[in-house]
Amino acid sequence: MLAADILSSVCHHTVPFLLHSPSTHFLEPLLELAGSPIYAVRAMAAKALIPVVPPPQRPALLLQLAQQLPAPGGVLSHNALHGRLLQMKALLAPNPGTAR
């Protein structure tokens with residue numbers, strides 16, 4: 001699923017505050033960067049989610065990201081899968097921003 005679809009789904013169904021937040025402009029590009037072929041870009045995009053998504057809204061975003069993971073054998077891009085997993089790891093980190 002495209003980052004825009006995830007953003008739309010997240011914003012309209014689980015975290016409507018993002019529609020009126022300055023963070024909205026940063027969330028979509030960060031989600032899209034999950035598919036970058038450059039490892040460092042995927043890693044930094046994952047870390048950058050932490051200041052963009054407020055703590056109370058992270059579980060909803062995490063759930064949306066998890067629901068968009070491909071079925072076994074359905075991976076079209078390993079970079080995109082890896083980037084999405086890095087984003088999920090960052091959202092799950094006990095001390096946000098320290099996921100490694």
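The structure is a predicted model, in which local features need pLDDT of at least 70, side-chain atom pairs count only at pLDDT 80 or more, and totals for chains, interfaces and linings use all residues. Residues are numbered from 1 along each chain as its sequence is written, and side-chain values use heavy atoms, with hydrogens and water left out.

**Overall layout**

- The chain holds 5 helices and 0 strands, where helices (H or I, at least four residues) and strands (E, at least two) are DSSP runs numbered from the N terminus.
- Along the sequence the pattern reads α-α-α-α-α.
- Of the 100 residues in the chain, 40% count as buried; buried means under 20% relative accessible area, exposed over 50%, and partly exposed in between (1.4 Å probe, protein chains only).
- Among contacts between residues at least 6 apart in sequence, 65% join residues at least 24 apart, with contact meaning heavy atoms within 4.5 Å.

**Helix α3 and its cover**

- Helix α3 spans residues 39-52, and its 14 residues reach 21 Å from first C-alpha to last, close to the 20 Å expected at 1.5 Å a residue (the expected span is 1.5 Å times one less than the number of residues).
- Its buried residues are Arg-42, Ala-43, Ala-45, Ala-46, Leu-49, Ile-50 and Val-52.
- The cover over these buried residues includes α2 (24-32), α4 (58-67) and α5 (78-92).
- Apart from neighbours within four places in sequence, Leu-49 is in contact with Leu-27, Leu-30, Gln-87 and Leu-91.
- Leu-49 and Leu-31 are 18 residues apart in sequence, and their C-alpha atoms are 8.4 Å apart in space.

**α3 against α5**

- These two helices, α3 and α5, pack at an angle of about 30° with their axes 8 Å apart; axes are lines fitted to C-alpha atoms, for helices over the stretch in contact, and angles run from 0 to 180 degrees between N-to-C directions.
- α3 and α5 are therefore roughly parallel to each other (under 35 degrees counts as roughly parallel, over 145 as roughly antiparallel, 65 to 115 as roughly perpendicular and the rest as oblique).
- Their crossing, α3 with α5, is right-handed; a crossing is left-handed if the near helix is turned anticlockwise from the far one by less than a right angle, and right-handed if clockwise.
- From α3, Tyr-39, Arg-42, Ala-43, Ala-46, Lys-47, Leu-49 and Ile-50 meet Asn-79, His-82, Gly-83, Leu-86, Gln-87, Ala-90 and Leu-91 of α5.
- The residues of this α3 and α5 contact divide into 8 nonpolar, 4 polar and 2 charged (Ala, Val, Leu, Ile, Met, Phe, Trp, Tyr, Cys and Pro count as nonpolar, Asp, Glu, Lys and Arg as charged, and the others, Gly among them, as polar).

**α4 against α5**

- The angle between α4 and α5 is about 155°, and their axes lie 10 Å apart.
- That makes α4 roughly antiparallel to α5.
- α4 passes α5 in a left-handed crossing.
- Arg-58, Leu-61, Leu-62, Leu-65 and Ala-66 of α4 make the contact with Arg-84, Gln-87, Met-88, Leu-91 and Leu-92 of α5.
- By type, the residues in the contact of α4 with α5 are 7 nonpolar, 1 polar and 2 charged.

- Leu-85 sits in helix α5 and is partly exposed, at a relative accessible area of 42%.
- Ser-23, in the loop between α1 (3-14) and α2, counts as buried at 17% relative accessibility.
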